[in-house]
Every structure is written in C-alpha cells, then in structure tokens.
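Please examine the sequence and the structure before reading the solutions.

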Amino acid sequence: MSSDTTRSTRPGMWRRALSMLTSSQNDIEAAELQEDVLESGFDPIHGCADRELVQLRGTIRTVTLRPRAGTPALEAELYDGSGTVALVWLGRRRIAGIEPGRGIVVRGRIAVHDDRRVMYNPRYELLPLGE
C-alpha cells in the first residue's frame, strides 16, 4: 500500500472517530433506540403513515393531562429515536406505569393531525424497568 493511499484514508477515519467522540448523549441514545426498535421488528415512528395499523416500541418522554371537549384525556409522548407520536387515552386521568422514562410497546392506528402523529386509546404493554 502506498503512503498516498494511507494518507487519503486517514482523514475519513479521523473524522468518524471525532464525530463519535463529539456526538451528544441524545444522539447516541437516539441511535441505540432506533437500533433496538429495528432489531425487535417494530415499526419506526418516522415511517408511519396516516391511518396505518402499527406496532411501536419506545420511551415515554412526557405525560400530560389535557381535557378534550370536557372529557379528561391522558397524553404521553412516545419517542423511538426516529420520531415521536402522541399517545392519547380518552377518559383517563392517570394510568399506573405510564410515566416519563418508561419503555412501552403500543399497538393501534396512527392518525396525523396538523403534521403531528397521534394514536388514540392504544393497546399497550409496559416494558420492565431498565429496558
């Protein structure tokens, strides 16, 4: 191998190494979450279309109580590293285990309202803590 070839590959190698070292913790966690979702056979959120039946896996980021038309509604933001979807349980003020940081698998139909993905009353399975 000539020294010209060696020199030309080094900058790319150094850039990748530097990129890995300077990536934010959020970027690293997002990449790991996306990898887990794909390896487990779940749908990535960014690829979900309106009215599609999906099975998603991710982490709950936020939980909010938002009344809708005078009825209580519990709303949680699910993140899988590729995107987010709002999970809305109508008529609920609280669901045990639905809390920020918790891993969850949900099944249901995606709706898109104002460029925002929403899933109403999804079936869900809480993942063991730490997963």
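**Exercise 1: Salt bridges**

A search of the whole structure finds 5 salt bridges, a salt bridge being a side-chain nitrogen of Lys or Arg within 4 Å of a carboxyl oxygen of Asp or Glu. This is a predicted model, in which local features need pLDDT of at least 70, side-chain atom pairs count only at pLDDT 80 or more, and totals for chains, interfaces and linings use all residues. Residues are numbered from 1 along each chain as its sequence is written, and side-chain values use heavy atoms, with hydrogens and water left out.

Task: Determine how far apart the closest N and O atoms of Arg51 and Asp50 are, and classify the exposure of both residues.

Solution. 
Step 1. The closest N and O atoms of Arg51 and Asp50 are 3.9 Å apart, and the two residues form a salt bridge.
Step 2. The exposure classes are buried (under 20% relative accessible area), exposed (over 50%) and partly exposed (in between), with a 1.4 Å probe and protein chains only.
Step 3. Arg51 has 63% relative accessibility and therefore counts as exposed. Asp50, at 41%, counts as partly exposed.

**Exercise 2: A pair between strands**

Task: State in which strands Glu77 and Arg61 lie.

Solution. 
Step 1. A salt bridge joins the side chains of Glu77 and Arg61, at 3.9 Å from N to O.
Step 2. This pair links distant parts of the chain, with Glu77 in strand E2 (residues 73-79) and Arg61 in strand E1 (residues 53-65), 16 residues apart. Strands (E, at least two residues) are DSSP runs, numbered from the N terminus.
Step 3. Glu77 is partly exposed because its relative accessibility is 26%; Arg61, at 42%, is also partly exposed.

**Exercise 3: Strand pairing**

Task: Describe how E1 pairs with E4 and with E2.

Solution. 
Step 1. Two strands pair if DSSP finds at least two bridges between them.
Step 2. E1 pairs with strand E4 (residues 103-113) in the antiparallel sense over 7 bridges, and Arg57 stands opposite Val105 in E4.
Step 3. E1 and E2 are also antiparallel, over 6 bridges, with Leu65 opposite Leu74 in E2.

Definitions and conventions:
Helix = DSSP H or I, 4+ residues; strand = E, 2+ residues; numbered from the N terminus.
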